[in-house]
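I am opening these notes to keep track of what I looked up, entry by entry.

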Amino acid sequence: MELDRPARSAVAVPLGLLVLQALWWPLVPWWSGQEVPQARLLPVAVVCAVVGGALAYRQRAPEAVLAATVVVTALGWSVAADAPAGPAAVAVALYSLSVRRTAGVAVVGALAVAVAAGVVAAARGGSVRDAAGVALVVGAVAAGVWAVGRRRRRGLADRRAAAAARTAAATLPAFAAAAERRRLAADLHDVVAHRLTGVVVSVAAARRLADRRLQAEALAHAEVAGGQALAELDDIAAAQVADPTLEDVRRLCAERPGTVLRCTVADVPAPVAALAHRVVREALTNAARYAAGARLEVEIDEGVGDVRVVVDDDGGAAASRDVGTGQGLTGLRALVEAAGGRFDAGPRAGGGWRVRAELPLPKDAAAGGWPAHRGGAAARDRAMAVLAFGLSAGLVLLPGPDDMDLLARPGPAGALLVLLVLHALPLAGRRLAPAAALAAACVVSAALTGCTSAGWIPLDPAEAFLWTWWVEVALVYAVGAHRAGRGWPAPLAVAALGGAALAAGHGITGPRPAAAAVLAAILAVLLGPVWAAGRLARVRRLRQDRRAEERRRDTAVAADSAAHHERRRIVSGLQVRVRRHVVAVLEARRRGDLEAVHREARDGLHALRHLVTVEEPPEPPPGLLGIRAVAAARRSTVRVLGEPHHLPDSVALTAQEAVAALLADGSAVTMSYLPDALEVTVRRPPAGDRGRRSVLMRAAGADGGVARARRLVDAGGGAVSVDGQGGTVRVWLPLTLR
């Protein structure tokens, strides 16, 4: 039976440890000069069996596996030299923890490994210095394993996002068409549908009351509204529908007899004016439909950071109840809340109905006060800096021969530790500023060579350079991989520095300048391929980005084409079906046939509704469209701050899945597009009747949705912040760092 990949991995890693152990035993006599005592074979076999069996479960329970391997390896420390499978199993378990769990959990695991190594060293009779040295060295290695595991976690997330983006290429056109359909439906609701609804309501009232004066007024209104509807249909066909202004609100109120407008706002931004127009129009339409003859008062005034729109009526008789969709106020509430405002509609205390909206004035997206959190690759770079310092400082602390005890003189030892810290720090910026990081490391390395050559620090200059040289090697690779333009001088500069340091060593007996030149040439030959590998990685990454951009552009073209075809379909239907009914309304008005006017206006509304009502696509694509679809399914709203721009595949998918995990019915989502990050805020409704236990769980941070969002966002190098009550969750995702 063929095993799947996780099953094969679960079997292969323990077998690999057994192979390592089997190959190790023949090497022990070679490097130690002693045979392995027979008494040690059983403890070694037990260690190998236990850690190997534990690793089979590392993907399902990495925390427990790491704890088990650490405990078994610590207990079997006396046979550690004969059982390398134990330390290797700890490294594999820590790697799995870094891949499968969040950064914080993995950091705790790495610290636990370092502390356990120090405790074991102390328990075996070592001094505080010995314990600290062992803890530093093991902690440094653990930091390196953590960084590699975190890179793997991000790689898996990127791979999954790329697969989702390829799938979205097929679904995005359908969603773009649906978005265009919803946009046209909103436009039609505000213009043509409003005109036809007014005709149906006025004619229905005139027919019911059998009043000749009302009938004449209804016919006159049908002629005016029909002419306006025809003009609006032509404007929509020509894509000339302009955003309403406050002046359009004034004209709208003037068209409705018995409406009093009090507007104290001189001017507002266009989106706010358009939304205010929608609020007033929907309120007037509903009043005409459900409160015929009511007196209306419309107030528009400016508050602190918002514009308030209030429409009151004093009640009246229902003229026609079956011409609306029942979604007008619901859709209006979604629009207002998506803009960050508040909307209320309901009966007034003194009778009648009130519609109230608070519309926020637009503002730019602003960062939510995150700390200097860069996440992702920057965190891995900081781990590499810890690796560099820990290895060097740990070797300094561990005692050597008496004549090489670096701590015998505290002054030089302190200077050495300072130089080691300064030499390791540039690794933290190797992606953001690789050239500057390499220059800083070279300056510190030159200072270390000078101090050792002058005898201020009791170390061989060549040995000190070889201790720390891998930092320069890593930075040379970073210059090739992350710096645009020419970077070939980097390996030459490091080679020259290394040649001088090696030539200053105690073992050089010939002319040091000649030795420095020869050694620099050798180092240049070694470092050239390192820089070239980084440059190749950069070229490959840029090529992948270019292909992704081309794929995104092709998908966008297909989406635009689908939206265009959808618009043509709806406009064609408007011209063929709805326009025919509007023309029939005008013809019936000329004949004075109220019944025909009513019938044709109603049929026009039904035809209009049929055109814009189509089943939505099943799977939303990652990104803003997908987040809007997910929010709509949970009766939630989405507000956008800043200028929307293209999101990397991993950011788009992570944001959508995090929002889906956090949403509750009636939530409000705010997406803030920042220059180098995306911030998503999900404001969830109060727990209400969900129970005290749910409230306590959320307050304790045990909310399953928040936990899932943390896992998703962590893989993308982001962060999640939860308020004290768990009602508002903020998600931060970086755009630039890999």
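I looked up Cys253 and found its sulfur 9.1 Å from the closest cysteine sulfur, that of Cys263, which is too far for a bond, since a disulfide is counted when a pair of cysteine sulfur atoms lies within 2.5 Å. My search of the whole structure returned zero disulfides. Cys253 is buried, at 3% relative accessible area, while Cys263 counts as partly exposed at 25% (buried is under 20%, exposed over 50%, partly exposed in between, with a 1.4 Å probe and protein chains only).

I noted that this is a predicted model, in which local features need pLDDT of at least 70 and side-chain atom pairs count only at pLDDT 80 or more, while totals for chains, interfaces and linings use all residues. Residues are numbered from 1 along each chain as its sequence is written, and side-chain values use heavy atoms, with hydrogens and water left out.

For patches I took residues with over 30% relative accessible area and no salt bridge, joining like charges within 9 Å and nonpolar side chains (Val, Leu, Ile, Met, Phe, Trp, Tyr) within 5 Å; a salt bridge is a side-chain nitrogen of Lys or Arg within 4 Å of a carboxyl oxygen of Asp or Glu. Val421 lies in helix α14, residues 410-424, and is partly exposed at 32% relative accessibility.

My last entry concerns a positive surface patch, formed by Arg540, Arg543, Arg546 and Arg547. Arg546 belongs to helix α18, residues 512-591 (a helix is a DSSP run of H or I with at least four residues, numbered from the N terminus), and at 47% relative accessibility Arg546 counts as partly exposed.

Note on methods: Areas by Shrake-Rupley, 256 points an atom, 1.4 Å probe, with all protein chains shown as cover. Lys, Arg positive; Asp, Glu negative; His and termini not counted. Charge placed at Lys NZ, Arg CZ, Asp CG, Glu CD. Helix = DSSP H or I, 4+ residues; strand = E, 2+ residues; numbered from the N terminus.
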